Amino acid sequence: MERQIKVNNWRIIKIDELLQTGRWYTAKEIAQAVDGSYSSRTIQRDLEYMRDTMNAPIESGSQGYRYYEKNFFIKSIPLTEGEVFSVAVLNPLLEQYRNTPIENQLRSVFQKITNSLPEKVTIDTTFLNPKITFIPDIKEKINQELFNTVFDAMKNCQSLKFDYRPLQKSSFMERTIDPYHAVCQKGNWYVIGKCHDKGDVRIFSFGRMKNAVIKGTKFNVPKDFNTSDFFDSEMGVWLSDRTPLEVELLFDKEIGTYVTTRIWHSEQIMQELKDGSVYLKFKTTQKKELIRFILGQGHTVKVLSPQELVEEIKVELKKTEELYKEIET
């Protein structure tokens, strides 16, 4: 079966090469050009597959077949074996998902892809450069069974019961939710759902859940549920106020170049000042994530507004100062 799949794909690539010329070819001419051992009917099935499944711009007429878009081509992948493709390209990329349930699932998918490749494939050799390294973000460990249970509950709109450990607690407590939506931020997974105990929609981290069980209770996702009300895809998934906070930051010239070469938010307003410092303004609902970000920049960033954010940063800095006073010599 695997061998047949590779042969079929090889034949499609050959047909694609012919049609890229822009000339008209009959099915018989294509069959002879590809190998000579295939029937016109086999080629016609390949052409139908290319058109219907691969969206190839194939037009047919009394003269035969051709592409009506001159720049179209079937994306093929050149090495010598499908396994080399996986080892050289996919494995480094999959390092981003190490120690997560997604890792094995992706490896399985990519293995099926490589099995369907022809004996000779083509790829951008940039990714084969041994000097390229992918550094993943630090991720929470997630139990494979729990991961699957959460997604099964979400897919079937069934309530989910589990034990949960909040950040501020050292013990677990039982929670039941209606799981509406899952979010992955920097490799860490969260589920958004209505908490039966608290009576409102909250966010739960997969890494702090255990003993997940699907209950028989069915639910409907509210029509007014909007994911943007609960997280900012550009700042984070901390559950914050739904009203956006307009933030103004001033970055020191010390990191001015670093700031100006990055997009911090899609709706940002950025201005490089004469002294080399950088002014940045944007809106977000993610105050907690924003505070973490600001504190992470140390003395190189100052909050200009809003005042409530300025005060919260002061409180955090005061706590940090007190923490280090305990170890002064």
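Modeller: Helix 2 and helix 3 are roughly perpendicular to each other (65 to 115 degrees; under 35 is roughly parallel, over 145 roughly antiparallel, the rest oblique), because they pack at an angle of about 95°. Their axes, lines fitted to C-alpha atoms over the stretch in contact, with angles from 0 to 180 degrees between N-to-C directions, are 8 Å apart. This is a predicted model, where local features need pLDDT of at least 70 and side-chain atom pairs 80 or more, while totals for chains, interfaces and linings use all residues. Residues are numbered from 1 along each chain, and side-chain values use heavy atoms, without hydrogens or water.

Helix 2 brings Ala27, Lys28, Ile30 and Ala31 to the contact (heavy atoms within 4.5 Å), and helix 3 brings Ser40, Ile43, Gln44 and Leu47. By class, this contact has 5 nonpolar, 2 polar and 1 charged residues.

As for charged pairs, the structure holds 13 salt bridges (a Lys or Arg side-chain nitrogen within 4 Å of an Asp or Glu carboxyl oxygen). In one of them, Glu59 pairs with Arg66, the closest N and O atoms being 2.7 Å apart. Glu59, at 25% relative accessibility, counts as partly exposed (buried is under 20%, exposed over 50%, with a 1.4 Å probe and protein chains only), and Arg66 is partly exposed at 27%. In helix 9 (residues 307–325), Glu311 and Lys314 lie 3 residues apart, about one turn, and form a salt bridge at 3.8 Å between the closest N and O atoms. Lys287, Glu308 and Glu312 are linked in a network of salt bridges.

Conventions. Helix = DSSP H or I, 4+ residues; strand = E, 2+ residues; numbered from the N terminus. Nonpolar A, V, L, I, M, F, W, Y, C, P; charged D, E, K, R; others polar.
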